[in-house]
Amino acid sequence: MKKRFVLWTVILFPIYAYLVYLYLFHWTGTGVPVSYQGTAADPVTFMTAKELELSQDFSRYKDFLFFVGLPLEGLIYLGVLIFGVSPIFKQFGERLSRFSFIKIPIYVLLLSAFTWILTFPIYYAERVLSVTYGISTQSFSSWMRDELLGFWIGVLIMSVLITVLYWLMKRFTKRWWLYAWILLIPFLIFMMYIQPVVIDPLYNDFSELDDPVLEEKILNMADKADIPAERVYEVDMSEKTNAMNAYVNGIGSNLRIVLWDTTLNHLKNKEVLFIMAHEIGHYVMNHLYYNLAGVIISSLIGLYLAYRLLHTVIRKWGSNWGVKSVADISSLPALFIILSLLSFAASPIELALSRGAEKSADEYAIEMTEDKEAAVGAFQELTVNGLSDVNPPALVKFFRYGHPTMMERILMLEEDDKE
């Protein structure tokens, strides 16, 4: 099995990477269809030749790294199982601590660190690409700080979740997936509640919006939409990126309206107001809660399928891997592979639903601001600033885009004008 794994990985992975390269760089075109050339959606009308070239190159390289990195974690987890590394991690945790509640967190730490180290080249390549094309302005030390912070936060949260999950597996052999799902619901709500005030400030500095006139206009829009916000927050992102963003997140008293300072620096006030109206639209149409409901429903289906598949996988290959049972923590890489495959299979559906929600938010923002010129200007500036591809290849859109393409968003505005 070991030789077969190495052989197939060495042969198939380079072939896969080469096919991705061919698709992105040779089999798909750039720009917009002939019928849309010369419209506001055509990047030739609002980007310089240099910006257009950089945009096309950056988008293709970024997508290439994404697709090449997509199967990497799964291959690492499979290798951990096939080469017997998983039981070694388990034994190390058992030797290191006499306390049973620490053994699983040690295993999670070892598996996470091993995976993080092996996938680091992809993340570093993404950073180099972003810096090279002027998107990222973040120093290496600052970037590493964020990476390590994310790693430790992930390990902490994952240690708690996996400890509870494997306790349920041992205690409830046939119903662990259901009880895990029941416990997951309050956890997801809790994370949504603390995200804006506990986790986000660990990465960036938040302050009250420095422009009182603009803040008043945004709060007036929020008041019309019945959003219980008393201030607008500005986050210092210019030290890390030239990209722009804005969002409304959190629930209850922790709800926050947030603008990146890069958005304020690059957009006119009327364009900022359109962007904020779009984010307010998400709140008005309850997209935050629909997303939460979607995660809850999909997690129920995912956990049940994982329960069925994990039993089959461990029964068939567990002895070869040194995994004694489903409830053995050594089975965790197999569980991660299953969940990753299920997530990948569901992602086109989730992204399609997300694109529909984003389109609805665009329509709400146009109705609220009644300023299509500002909307077009905002979309064009977002494209230039982020070196975005207005019309990405079909597979890229299918597997990566949670928003409509910039071509689709701008064309929607132009079509409304014709009606």
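These legends describe close-up views of a predicted model. Residues are numbered from 1 along each chain as its sequence is written, and side-chain values use heavy atoms, with hydrogens and water left out. Local features need pLDDT of at least 70, side-chain atom pairs count only at pLDDT 80 or more, and totals for chains, interfaces and linings use all residues.

**View 1. Helix α1 meets helix α3.** Helix α1 covers residues 2–27 and helix α3 covers residues 72–82. Helices here are DSSP runs (H or I, at least four residues), numbered from the N terminus; strands are runs of E, at least two. The two axes come within 10 Å and cross at roughly 160 degrees. Axes are lines fitted to C-alpha atoms, for helices over the stretch in contact, and angles run from 0 to 180 degrees between N-to-C directions. That angle makes α1 roughly antiparallel to α3 (over 145 degrees; under 35 is roughly parallel, 65 to 115 roughly perpendicular, the rest oblique). From α1, the contact uses Lys2, Phe5, Thr9 and Phe13. From α3, Leu75, Leu78, Gly79 and Ile82 take part. Contact means heavy atoms within 4.5 Å. By class, the contact has 5 nonpolar, 2 polar and 1 charged residues.

**View 2. Helix α6 packs against helix α12.** α6 spans residues 140–171, and α12 spans residues 332–369. Their axes lie 13 Å apart, at an angle of about 105 degrees. The two helices are therefore roughly perpendicular. Met158, Ile162, Leu165, Tyr166 and Met169 of α6 meet Leu332, Leu335 and Phe336 of α12. Which classes of residue make up this contact? It has 8 nonpolar, no polar and no charged residues.

**View 3. A salt bridge joins Asp389 and Arg60.** The side chains meet at 2.6 Å, N to O. Asp389 sits in the loop between α13 (372–386) and α14 (394–400), and Arg60 in helix α2 (residues 49–69), so the pair ties together parts 329 residues apart in sequence. A salt bridge is a side-chain nitrogen of Lys or Arg within 4 Å of a carboxyl oxygen of Asp or Glu. The structure holds 10 salt bridges.

**View 4. Two stretches from the UniProt record.** An unreviewed UniProt entry lists residues 5–24 and 326–346 among those under "transmembrane region". Such annotations may be inferred rather than shown by experiment. Residues 5–24 are 100% helix and 0% strand, with end C-alpha atoms 28 Å apart. Residues 326–346 are 71% helix and 0% strand, with end C-alpha atoms 24 Å apart.

Notes: Ala, Val, Leu, Ile, Met, Phe, Trp, Tyr, Cys and Pro count as nonpolar, Asp, Glu, Lys and Arg as charged, and the others, Gly among them, as polar.
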